[in-house]
Amino acid sequence: MKDDRIVIDVRTKQEYNSGHIKDAINIDFYSSDFEKQISKLDKNKNYLIYCMSGGRSSEVLEIMREMNFKNISELEGGIMSHMNLISK
């Protein structure tokens, strides 16, 4: 993806390693310190969040909104709907 958004993959490390969007940062939604990791991000940058099909990423979107992130969006339908974006 070529824009100013920081791409965050919220799937597990195993899912991420099986293929992900180039340059995506992996922050596992199921990790015990997930919210702590997210809270360290710059709230004024642009973020694109994705998971496998959209369930986890929609929850993350709400969490980030509650943390006052300004520019966040979700990859609609998750990575399964955008297989052409995957790199290994």
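A crossover counts as right-handed if, with the strands pointing away from the viewer, the path from the first strand over the helix to the second runs clockwise. Strand β4, helix α3 and strand β5 make a β-α-β unit of this right-handed kind. (Helices, H or I with at least four residues, and strands, E with at least two, are DSSP runs numbered from the N terminus.) The model is a predicted one, where local features need pLDDT of at least 70, side-chain atom pairs count only at pLDDT 80 or more, and totals for chains, interfaces and linings use all residues. Residues are numbered from 1 along each chain as its sequence is written, and side-chain values use heavy atoms, leaving out hydrogens and water.

Now for β4 and its neighbours. Strands pair if DSSP finds at least two bridges between them. Four bridges join β1 (residues 6-9) to β4, and the two run parallel; here Ile-8 has Ile-49 as its bridge partner. β4 also pairs with β5 in the parallel sense, again over four bridges, with Leu-48 opposite Ser-73.

On to the rings. The structure holds three aromatic pairs, meaning ring centres of Phe, Tyr or Trp (its six-membered ring) within 6.5 Å; planes under 30 degrees apart are stacked, over 60 edge-to-face, the rest tilted. Tyr-47 and Phe-69 pair edge-to-face, 5.7 Å centre to centre with 80° between the planes. Tyr-47 sits in β4 and Phe-69 in the loop between α3 and β5, 22 residues apart.
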